Structures are given as C-alpha cells and as structure tokens.
Amino acid sequence: MPELPEVETTRRKIEPLLRGRTILHVEHDAPHKYRDTHLAVGRRVTGLSRRGKYLMLNLAPQEAEEGPHDLEFIVHLGMTGGFRLEGGRHTRVTIRTDGGDLFFDDPRRFGKMAVVRPGEYAGMPTLAAMGPEPLSEDFREEGFAALAAQAGAVKPWLLSQKPVSGVGNIYADESLWQAGLHPAQSHLTREEAVRLYAAVRDVMGRAVEAGGSSLGSGAGNYRQHDGLSGLFQHSHAVYGRGGEPCPRCGTTIEKTVLAQRGTHHCPQCQPLRRPEGRAKGGRA
Ligand SMILES: [Zn+2]
C-alpha cells in the first residue's frame, strides 16, 4: 500500500506533467468513486500538494468566473493506485490535458478522487482530522509527547493519522523498532515519546529520500509511475522480516497481528513495559 513516501514520490514525479496544464476531460465510469471530477474541466493546474497520503491538484478559477473559485482535485491512491503515462488493462481514470494524457491505474479499485472547494473535507473524515506532516515544522515534540501520554496502544494510535499524518503499516513498524517500543505499549513516558518522535522523523525522511518502498506482488504492487521501484524496502529492519534475525541484536523478529494489521517487532529490543514503568525482558 502506498504510504506517505510513495505518495510524495508520486507527487514529485507527476507535478512537472500537470503544472500549468489545463484539464480538458476526466474519463471514468464510476461517479461514486471519483466524485465531481467534471468540475475540474477547463481549469488550469497551478500545482500539486500533499496531506498525508492524499494528493491534491490545485486548480485555478476558470477565466469567465467572478470571484475566487479555486478547487482541489483530491486523489487517494488506495491499495494499488498509481499514475502511468500509458493506459492499460487496469486504467480506471484518464485525465486529458492540453499537454497530454495521464492514466490512473488501480487493479484493486480502492483509490478515490473528489473535486472540492479547498479545505472542504466533510466527506473525507480521515483527511479532515489529519495531524501534522511528519517532516514539517508543525510536527512538534512537545505536542506529540502530550498526546502520546494519553494514548492507548501506540501502533494503532500512529496509524489513526491523528498524531502525525502519513505513517502507515510499514513505517509504523520501522519507527517503533528504531525507538525500541513495543507496538502495543500505551501511555508513553515523555522519554519514550521523544524517542518515537525522532524515529518517525528519521524513518519518514529516509524513506522519502529513497523514493519509498516497493513490495512483492503478494503484499501490494507500489511502483513509481515510471515503473522504477522505490528503494526503501532494502532498508527495512523489521517490516516483512518475521522469522529473520533483528539487525540490532540477532533475536528472531516476531510477526503478530495487532488491531487487524500484520505487525513486526523484536521481542528483545521492544519489550512491553509494565504499567509500573519496569520493562519485561532484557532492556533496562
Ligand atoms: Zn532486537
């Protein structure tokens, strides 16, 4: 599933293809999945932005319009969505512009699009409640630690997108391993939250640099839009490595299920701390 680094890589790749272009037509046959896309027709794309795992094409007002009527063309890639330069068997949406066509392929059809007034996300509760971007200055250690002290199991809390946006299953597992925290740990101490804050920023930053992760055909099929694979999967310490030795201590990495998500952790490096604050296992 594309996570923040993959979506950011997609944004960087397709922005040069769309910026300054006028949308001539948006073709699809699923108006309940791709809502109000007709509103984009005749509008120029002024840029591409991103919030968490959502891409936004920023659309200028039409020339004949009075007053400010910017719109946002929101794209969620879902499990398997991605943009291509040529149409194919799994093309669901074709965006025709005065500079050429762009094709949205989505084999499993979980992707969604909608054209809305900027900031009007009432139909998209996850987007409306989304926390700060992990690599932005809005993501602050103090605020994160205060929220973490109140939170339940830390991994589902990270995946909620509320404390910080864009952290999905892969990067949650990697960040928790780096911070030495058990995925089910609740009510983080300040010191634990500070470690996790630093780990999230580091992991997300490295993943964006590497162009995201690409997974084998069984687990998903994210590819950059030009067909190149992201490289970050070569840096995974625990994700997808159940039964292999932990790169830090050599203990066998466990794969479990937490809140319906496959979860990987090292029982030695990431012990579950008892409520009294004393760790089980070897870490003092
Ligand atoms: Zn370990």
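In this predicted model, strand β5 (residues 71–76) is joined to strand β9 (residues 112–116) by 5 bridges, and the two run antiparallel; strands, like helices, are DSSP runs numbered from the N terminus, with at least two residues (E) for a strand and at least four (H or I) for a helix, and two strands pair if DSSP finds at least two bridges between them. An antiparallel arrangement also relates β5 to strand β4 (residues 54–59), with 6 bridges joining them. Val75 of β5 has Met113 as its bridge partner in β9, and Leu55 stands opposite Val75 as well. Of the 6 residues of β5, 6 are buried, so the strand is largely enclosed by the rest of the structure; buried means under 20% relative accessible area, exposed over 50% and partly exposed in between, with a 1.4 Å probe and protein chains only. In a regular strand the side chains alternate between the two faces of the sheet. Both faces of β5 are covered, with Leu71, Phe73 and Val75 buried on one side and Glu72, Ile74 and His76 buried on the other.

Residues are numbered from 1 along each chain as its sequence is written. As the model is predicted, local features need pLDDT of at least 70 and side-chain atom pairs count only at pLDDT 80 or more, whereas totals for chains, interfaces and linings use all residues, and side-chain values use heavy atoms, with hydrogens and water left out.

The zinc ion is coordinated by the SG atoms of Cys246, Cys249, Cys266 and Cys269 at 2.2 to 2.4 Å, donors being N, O and S atoms within 2.8 Å of the metal (3.2 Å for Na, K and Ca), and because water is not among the atoms, sites may look incomplete. The donor residues follow the spacing C-x2-C-x16-C-x2-C in sequence, and both Cys266 and Cys269 are buried.

Helix α1 (residues 4–18) is mostly covered, 11 of its 15 residues being buried, among them Leu4, Val7, Ile14 and Leu18. The helix is followed by Gly20, whose phi is positive, near 85 degrees.

Gln178 is found in helix α5 (residues 169–179) and, at 28% relative accessibility, counts as partly exposed. Leaving aside neighbours within four places in sequence, Gln178 is in contact (heavy atoms within 4.5 Å) with Ala199, Asp202, Val203, Arg206 and Arg248. Gln178 and Ala237, which are 59 residues apart in sequence, lie 8.5 Å apart in space, C-alpha to C-alpha.
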